[in-house]
Amino acid sequence: MSIQNSRLSSEDLEKNFSDLHPPFDHPEGALLEANRCINCFDAPCTKLCPTSIQIPLFIKQIASGNLKGSAHTIFSSNIMGGGCSKVCPVEKLCEGACVYNLLEETPIAIAKLQRYATEKAIDEQWKLFTRKPSNGKKVAIVGAGPAGLSCAHSLSLEGVDVTVFEKEAKGGGLMTYGVAAYKVTPEFCEAEVKYITSIGGIEIKYNQELGKTIHLDELRKKHDAVFLGIGVGIARGLQIPGEELQGVEDAISFIYNLRTSDYSKVGVGDNVAVIGMGMTAIDAATQSKRLGAKEVTLLYRRTEQEKPCTDVELELARLDGCNILWLSAPKEIIGENGKAKKLVCSKMKLGAPDASGRKSPVDTGETFELEVDMVIKAAGQIPFEDLVTKSAIENKEGKIKIDKSGKTNIPGVFSGGDAVNGGKEVVDAVQAGKDAAEGILEYLKKQTGK
Amino acid sequence: MADLRSDFLGIKSPNPFWLASAPPTDKKINVLRAFEAGWGGVVWKTLGTQVKNVSSRYSALTYNGQKAMGFNNIELISDRPLDINLKEIREVLKEFPDRAMVVSLMADNNKESWHEMVKKAQDTGAHGLELNFGCPHGMVERGMGASVGQDPEIAKMVVEWVMEVAQIPVITKLTPNVHSVVPAGRAVTEAGSNALSLINTIQSVTGVDLDTLVPNPNVAGKSVFGGYCGPAVKPIALKMLTTLAQDEVTRKVPISGIGGISTWKDAAEFILLGASNVQVCTAAMVQGFRIITDLCEGLNNWMDEKGYKTISDFQGLSVPSLTRWEELDINYHIIANINQDKCIHCGLCYITCEDTSHQSIDIKKGMPYNTYTIKDEECVGCNLCKIVCPVQDCITMEVHRKAPEYLNWTEFQKRGLPLNDH
Ligand SMILES: Cc1cc2nc3c(=O)[nH]c(=O)nc-3n(C[C@H](O)[C@H](O)[C@H](O)COP(=O)(O)OP(=O)(O)OC[C@H]3O[C@@H](n4cnc5c(N)ncnc54)[C@H](O)[C@@H]3O)c2cc1C
Ligand SMILES: Cc1cc2nc3c(=O)[nH]c(=O)nc-3n(C[C@H](O)[C@H](O)[C@H](O)COP(=O)(O)O)c2cc1C
């Protein structure tokens, strides 16, 4: 029993990490599906899209043969509409609201159609937007994730010159480093970043880390405004004995590894326990299994009813053969020669509702043990509290506080995305970037007016 | 089990479904396949002078993904040697004596040619003749087809020639490319035609290729007006049929209904509006002869449900309901009702009523589902919401009479009642 890489042949790995939701193979498929859409007014799908993409419109544009118009409709609301079509949990967003659900019929394959319309635009780098001439305003954006890129695009469109500072060597944020490998490829993420920046007026400076190579004061001095789209950090610690043992890993680092190296070079155990039941936990579990782990067990301290992931995600983990243990909380990791060997778990039961309104798990005092050689922590991510606090930005446990227009407590400093909400979806971050851009433009106008 | 047998001027067929004169009835091989599939009869592809066809020949209209909603062709009458056609007709008659065999004819515009054609056709033992006065392209330029059907005088003359030698029933097929089909219908009926059939195809351009800019169908960079048929023409055909069924002269002869029939429901509607039987072309062309199974079964089941034993039991029953506008009951008033249990909140009723009708639907915004209700006082009972609603029986039109008694426009005016209540 140990953590090993190359558990599967490269063909099997390739297969395991191929597209989870393949595209339409033929234009006919897209047309058939597009014609199935009844073109709702004030469409429920649009209302549940955080970026409010005019979904019926883009679908009818596919049906009418106006693919360029369709892509334009999508990107006008969501410049990461390409990536979102691959990673959005649509079952709880647009597709979940499709009126066909009320007829107990399969909802329109909105994501698949959105991918159909955007993929070509990105592949062929269609020029669908023209930015206004530069107006001399300069904005610094920290973080080239969905929030930062969306903010950059919206600002540049209006003639603002944007410089993005990114600590990693590539753009895309968690899209590139966090989302499951079977949803997006590194090549796609790169093409998407290139597409977004192709309107011009956006310069991305890589390997620039706020708090290390760059500082907020400096940025504020050299720019008219600053947007912080730094996301959140690694997974929360478990605060239990044995967490320091070899084989205990943070899900974000595990997935980062997987997304940045060859699958064959990523080690995984025989018996993997994943703590948590959010999207990250599911991704860590399914990808462990797809790397060749023999047994993967997901543990969650509440029941299926309270789970943070969607039914579709849970089903994916089940279909991948992961074990699911409800009402189970990690208590201690027991090691041997410094390596994780056993996970002791507490059996829980549901008690009174907590602050979130969900029934809180209560320890029954009973325990059980799991044989493990790898434990992946995926019970929420920790915000960059230190960095934020040091810069005197008002925050709540590291989550940056903003007003409706994205303003922080520091004049000219805006924020949005995971850094503010503590970790939601790509599509939320895109909208946050748009909203902040609007706030920034408003702010710049007032500054000039003075 | 209802009796689907049809007797059209003594021409018997096991069901009222004939294949219209067109490519499906062009050759023995097609017709045998059709009869094997169960079709009641055929009108053989029009025989006449020798012609030559071009390529391409067809084009169609796709609507919201539905292919061949409308269909168009620039083909001429049969381009096969007359002798072969006649020989094959004889052979088919021998193999399927229980099916209707009608031969469509179009001769040169003189008495001798018509006499010769009629004699040759009836010599085969065919059960009837159909005079093609309707083909809208190719033949018109030679003074045949629609150019005969468009001029009641010429049509009458030709029918008179035909009747001089015809020994089997004669059906005259009318062109829809006229303001009204009644004058030609009357003329040929008075000239002795035993029956009428309609419609032939409607002159049309289905579209223009946006790459080449050449209209469809493309023949070496050029096109011509073609004949339109298929589901899109059904409403026009039904209207024309009704005018014949209501006219005091033309209603005396049986009518074979043609134009856009693709389901048993279409067929029932044609018969209800006065047709004695129906003919089908496009539906068979785009789906094959196998559609006959459901045409028969569907009609049979509907007849059973309604208690009709034979086709004649319901033939023409809807004709009297089509009246003049002046006779409609002004006191009849319907108001839409949305069944909230069935509503899927698509908002189509709302947006169409709001944008293009009478702003009679109330919207209560919800997340993500809005609630839509009818403003009874505003609703004029136009049916638009019901038409666009994707859910069956979700929107129903309920009767709220303005007054109990029948009141028509003429009477309304006489009484000097107020106008413009909306
Ligand atoms: C494992 C995992 C799977 C996920 N799967 C999905 C999914 O399938 N679908 C979905 O919609 N969402 C998914 N999410 C969530 C989604 O990725 C995030 O909500 C989204 O990326 C947030 O965008 P952001 O721009 O706010 O932050 P991020 O994407 O985190 O981007 C922040 C950027 O800032 C950079 N940065 C951070 N600190 C600094 C600094 N000090 N200086 C300079 N740069 C800095 C980072 O390198 C990064 O590029 C997943 C998240 C995780 C962790
Ligand atoms: C390709 C084609 C060829 C046709 N040829 C003839 C013909 O030779 N003689 C004729 O009377 N009608 C001809 N028609 C008209 C059909 O018989 C029929 O009247 C018309 O298509 C309407 O019926 P439908 O909607 O079922 O197709 C032709 C129609 C088509 C589509």
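B:Lys87 has a relative accessibility of 49%, so it counts as partly exposed. Here buried means under 20% relative accessible area, exposed over 50%, and partly exposed in between, with a 1.4 Å probe and protein chains only.

This is a predicted model: local features need pLDDT of at least 70, side-chain atom pairs count only at pLDDT 80 or more, and totals for chains, interfaces and linings use all residues. Residues are numbered from 1 along each chain as its sequence is written, chains are lettered from A and ligands numbered from 1 in the order in which they are written, and side-chain values use heavy atoms, without hydrogens and water.

**Salt bridges**

A salt bridge is a side-chain nitrogen of Lys or Arg within 4 Å of a carboxyl oxygen of Asp or Glu. Over all chains, the structure holds 40 of them.

| Pair | N to O distance |
|---|---|
| B:Glu91 and B:Lys28 | 2.9 Å |
| B:Asp3 and B:Arg5 | 3.0 Å |
| B:Glu91 and B:Lys87 | 3.4 Å |

B:Glu91 is partly exposed, at 26%. B:Glu91 and B:Lys87 sit four residues apart in helix H2 of chain B, so about one helical turn separates them. Helices (H or I, at least four residues) and strands (E, at least two) are DSSP runs, numbered from the N terminus. B:Asp3 is partly exposed at 26%, while B:Arg5 is exposed at 59%. In chain A, a network of salt bridges links A:Asp19, A:Lys86, A:Arg115 and A:Glu119.

**A covered helix**

Helix H9 of chain A spans residues 146–157. Of its 12 residues, 11 are buried. Among them are A:Pro146, A:Leu149 and A:His153.

How values were computed: The expected span of a helix is 1.5 Å times one less than its number of residues.
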